[in-house]
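Okay everyone, thanks for coming. Let me put the structure up on the screen, and then we'll walk through it together.

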Amino acid sequence: MYSIGVDIGGTGIKAGIVSENGQIIHRANCKTDIESGFDKIISDINNMVRDLIDYNQINRNEIKSIGFGVPSFINNEGIVTCVNLGWFEVEFVSKLKSTFPEFDIFVENDATVAALAESKFGSMNGKDISVLITLGTGLGGGIIINGKPFTGNHGMASEIGHVVIGENTYNCNCGNNGCFETFCSATALIKHTQEILKEENESIIINMCKGNFNEIDAKMVFDAYRMEDNLAKEVVSRFKHYLSIGIAGIVNTLDPGIISIGGGLSKSSDIILEGLKDMVREHILYKKENFADIEVATLGNDAGIIGSAFLNK
Ligand SMILES: [Zn+2]
């Protein structure tokens, strides 16, 4: 038996036929046509999934279910609002059920499905309670308890990126000030770098972006850190300070066996993880006790497809 996982992102949609042991045996992808609207995206997914099945000559009866990871909150009625995709209260789940009437359909938040994949086949395997933090443009969170995604009573849980952990110089997209993701994400690194550069003019980053501060990206900051650039050190130090505070909150609340770091910034996990556990220890309540391992996620971009495919299990 197989399951299909579909990972819906802001720029592209990836699908895969996944075996019982978590291997993606066939893949397909298409662009996320945000401008043409919700119905067009669903129609593109329909074509892509049906082509994937037909082209690889998979028998429909061998497919147990189709799971979807979406970069948003799905309420108990299956309604989705996702600003990045231009969706406002779309009836996502019922639309998918009418598009794929012959399959069981499952839908979850994208960080949650990535966490499920890491828990089943990756860095978090073997732990009863595990938490994935995805550090990308924003900060996503997925919580797995005894092999199952934990999404709370109303489906709203695991929005770790919007836990308020301080006071910041800019507001979060959600309207609050001080959200975890405004301190710990690629956006946060870039904004903080740009702010310091308004006052200071000594940094290798100025050469890297050729003087155009709008071109600064997170990789430049980490590259500059490796070159012992003082500005980059200051930015990364603040980033890790708040990351340790945010993680300590997770430890105090859930006491997981492992916290994995995924997302685009995890490419610089050597810098992010160095000394991080000791920093977290300073902020947790029971400082002398053993607490969660903090490691880098291992499935990379495939986690979304694999986790979506395993929503049925
Ligand atoms: Zn927020």
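**Helix pairs and a zinc site**

Let's start with a crossing: helix α1 goes past helix α2 in a right-handed way. Who touches whom here? On the α1 side we have Phe38, Asp39, Ile42, Asn46 and Arg50, and on the α2 side Phe92, Lys95, Leu96 and Thr99. Sort those residues by class and you get four nonpolar, two polar and three charged.

Before I go on, one thing to keep in mind: this is a predicted model.

Now, how do we talk about helix packing in general? For two packed helices, we give the angle between their axes and the distance between the axes. For α1, residues 38–55, and α2, residues 92–99, the axes cross at roughly 40 degrees and come within 11 Å. That angle makes α1 oblique to α2.

With α6, residues 218–226, the angle is about 65 degrees and the axes are 8 Å apart. Angles of 65 to 115 degrees count as roughly perpendicular, so that's what we call α4 and α6. The crossing of this pair is left-handed. From α4, the residues in contact are Ala186, Leu189, Ile190 and Thr193, and they meet Ala218, Val221 and Phe222 of α6. That contact has six nonpolar residues, one polar and no charged ones.

What about α4 and α7? Here α4 is residues 186–199 and α7 is residues 230–254, and they pack at about 135 degrees with their axes 10 Å apart. So α4 is oblique to α7. This crossing is right-handed. Leu189, His192, Thr193, Ile196 and Leu197 are the α4 residues in it, while α7 brings Leu231, Glu234, Val235, Arg238 and Phe239.

Last stop, the zinc ion. Which protein atoms hold on to it? The donors are ND1 of His162 and the SG atoms of Cys172, Cys174 and Cys179, at 2.0 to 2.3 Å from the zinc. Along the chain, their spacing reads H-x9-C-x1-C-x4-C. And where do the two ends of that pattern sit? His162 and Cys179 are both in the loop between β11 and α4, so the pair ties together parts 17 residues apart in sequence.

Why do we call the arrangement tetrahedral? Because the angles between the four donor atoms around the zinc run from 104 to 122 degrees. For reference, the ideal angle for four tetrahedral donors is 109.5 degrees.

That's my tour, so over to you for questions!

Note on methods
Residues numbered from 1 in each chain as written. Predicted model: local features only at pLDDT ≥ 70, side-chain atom pairs only at ≥ 80, totals over all residues. Heavy atoms only, no water. Axes fitted to C-alpha atoms, helices over the stretch in contact; angles between N-to-C directions. Helix = DSSP H or I, 4+ residues; strand = E, 2+ residues; numbered from the N terminus. Parallel < 35°, antiparallel > 145°, perpendicular 65-115°, else oblique. Left-handed = near helix turned anticlockwise from the far one by under 90°. Contact = heavy atoms within 4.5 Å. Donors = N, O, S within 2.8 Å, 3.2 Å for Na, K, Ca; no water. Tetrahedral: all angles 85-135°; square planar, octahedral: opposite > 155°, others 65-115°. Nonpolar A, V, L, I, M, F, W, Y, C, P; charged D, E, K, R; others polar.
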